[in-house]
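Here is a short briefing on part of a protein structure. Please look through the sequence and the model before reading the points below.

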Amino acid sequence: MPIIRVEKFLVTYSLSLLVSLLALLLLPHPATAASKAAKPNILIIFTDDVGIDQLDTFGYGGLAATLTGQAQTTAGNAAATPNIDAIADAGIRFRNTWAMPTCTVARSVLYTGRYPFRTSVLAAIGPEDLANSMTSPFEMTLPKILKKAGYTSGIFGKYHVGLQKNNPYKYKMMRSLGWDYFAGWYDETGDPTTIDKSAGGVGADGQYPLGYVPGSNNGGSDSGACYTKGTIRNCKILSAPYGDKNPPGRQCLISGGIFVPGQGSCTGPIPPLNFDTINAHYVSPWGIDNGRVVTRFPLTAPDSRQFRNVQATDAAIKWIRRQQSSSKPWMATLAYPVVHTPLQPPPIDMLPPTSLDANGLDVTQNSLAYYILANQMIQAMDVDIGRLLVETGLAKRKTDGSIAYQPEATNTLVVYVNDNGSFGSNTRLPFDPQRAKGTVYQTGVWAPLIVAGPMVNQPNRSVDAMINIADVYQLAGEVAGVDVHKAASPRTVDAQSMLPYLKQPNQLSIRKTNFTQIGLNRMINDTIQAPCQFANSCSHVLLSKEVCEDNLGVWFGVDAEGTYPSSPTQSVPNPPEIPQGGFQYCCQVQNWLVSEGQPAASVIPQNAWAIRNDEGYKLIRNSWKDYQPTNPDATQDGCVDVTTEELYQVNEAIPVPMLDRNGTQLDHSVAGSTNNQIYSSLKTELDDLLSSHEDCPGDGNGDGFVNRKDIEDYKRMVKVSKGKSSWYDLDRNGLTDEVDLQTIRSNLGKACVQ
């Protein structure tokens, strides 16, 4: 009997052990083995200028706009994005999402859950904008909300909700907004800045339009020396066959170096090289704030000489892996700079072998170059997204190189979202390149949004209900178990629920209206961004002379110079000299152009608002200073303050949606007509929404009250800003001083709607 018992015990034990081993084998990847009871991690992938028209997974991604009436070509097709597609197939495509017209505004709305008119973040931030136009540290930002629920947060890549010149917190600004960790670029403009067309000083300025020396078939060289740190010890001779898609100049740039064409030896004197010049997506001012100390790397350092997408992805992977060894939930925001101009070819190993040769492209000479370069940059970004998922254990790599993404085996919510619509020069048909990024028209604000995660029921479906980019703020709170409206009180949160769409495939539309806005940011004494003139329009959205010219515009700021036009996309006989000192308003530029015998073109609205209902009716209100010399109200420059309201009907039909194009306005002038009733209803909705926030002199922290706390916060801002720009610079003169304190004191006790 004892022997029988022992054998029975051994059999039972062996079975038990086998079951235990099987259970261990069936556990999720260690990176995703958190208990289902644990709060989900949150990964936000934030892209730049990749409108919904760019992605085939949404049913669009069509022909390049410059190929209208021509045969479709490979160059005109949408970029291949198998990894983004895999997220969409495993999640939900939100096909009716509005972002904001520009990047800063959209980011601020997502991070605060509040519309622009509440935060005064109205446009893309430029180097001269005051702190008043940056996301305030007094806002209850998403990382602050999640910190209350035990989350650790990191943000990687582009931030662009503040700039160090006029932000009191300088290089610690992301820490001041609640993030525990930041690794990204401290750009002066917040975006990738100009291409170094001298390729590190080895050519004349403008000689190399892509920022590196191409092969000899494109006016460059097939051999030479690559210096990675400006010393002989860090020199390597590179060569490639004639016509190779990866010429040595490109190889050298990808490795962080400067290529000297034709140099056959590393033993001679080192030629004069410029390692201190920014080069768009390849040489950028990288920095890290780990919550204790800020480390800024000079442009000469290897950390600042990497392709932006790869660098941001590497940083995010490294940080996420560290968090996965902890029991705390985390939120990571990976903010790519793609496909923000200026465009450059990505590393060749991130592209398929069949990709077009981009080395000889020049966007100033060939409009199709925009689409080719943008496609390749989007493809490269997609490669990095796949790598991000695989290297953090959220997906696995198949033998064919594709990814197997099964969000139900993870404990991570993944959100893929873009900040605005596509840039006009890269807009895809049937979308409207004349009403793209920077406007509140559909092409300017209609953004892709994908959500995947273990909480999604019946994945690989689309939701056509209206979503605002603000709603991502509430979604993150919902999965973390936080009531964001209560947590942000007394501030009004404009975000609405998204979680029901994830859980209930038949969920009816929650939003009754959607809203978007763009305006002018606040500079010293309420001056505005200088005009940038394009072939057909003039805008105040461009941030600087360099950014204007990178986008093929003509700059008319105080530092304007040369002849009109400087842009090679326009053909003007006997171009006139641009007036010294430039102009303040686009209408003044138009007046000058007419006086010089040039066409006046049009002015892109300086302020614009849009609201739509669930039936697809959309009201747009535009406001700007227009050139109307015959108007009796015109100034001596022919400038007139103009406000217009336009009614449209839009939809999300595939493959040709109904858009708010010029000439498709609905007549709403007949009293009592259906269109007039719809117009009146939307106008009331818009007016009521805008009046739900009031100006509150003295309320620098934006909590809706002017009280002793404002005095305390004012004193803190004086100390942090050293008396310069801050959110308590209430008269917007660039100083936080006694005049501002007096404004607070004279309004003590005031309560406002926020």
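**Sheet, covering helices and a helix pair**

Helix H15, residues 586-595, lies across E23 and E24. Its direction runs at about 55° to E23. Helix H16, residues 674-690, also packs on the sheet. This is a predicted model.

**Helix H16 on the sheet**
- H16 touches E17, E22, E23 and E24.
- The direction of H16 makes about 70° with that of E23.

**The sheet itself**
- Four strands make up an open sheet, in the order E17-E22-E23-E24.
- Their pairing is antiparallel.
- Strand E17 (513-518) and strand E24 (639-649) are the edge strands, and each pairs on one side only.
- On average, neighbouring strands of this sheet are turned by 10° against each other, direction ignored.

**Inside the sheet: E22 and E23**
- Strand E22 covers residues 607-613, and strand E23 covers residues 617-627.
- Six bridges join E22 and E23 in the antiparallel sense.
- Ala610 stands opposite Ile620 in E23.

**The helix pair H2 and H9**
- Helix H2 (residues 82-89) packs with helix H9 (residues 368-391).
- Their axes are 7 Å apart, and the packing angle is about 55°.
- H2 is therefore oblique to H9.
- H2 contributes Pro82, Asn83, Ile84 and Ile87 to the contact.
- H9 contributes Met381, Asp382, Val383, Ile385, Gly386 and Leu389.
- By class, the contact of H2 with H9 has seven nonpolar residues, two polar and one charged.

Technical notes. Residues numbered from 1 in each chain as written. Predicted model: local features only at pLDDT ≥ 70, side-chain atom pairs only at ≥ 80, totals over all residues. Heavy atoms only, no water. Pairing = 2+ DSSP bridges. Helix = DSSP H or I, 4+ residues; strand = E, 2+ residues; numbered from the N terminus. Axes fitted to C-alpha atoms, helices over the stretch in contact; angles between N-to-C directions. Contact = heavy atoms within 4.5 Å. Parallel < 35°, antiparallel > 145°, perpendicular 65-115°, else oblique. Nonpolar A, V, L, I, M, F, W, Y, C, P; charged D, E, K, R; others polar.
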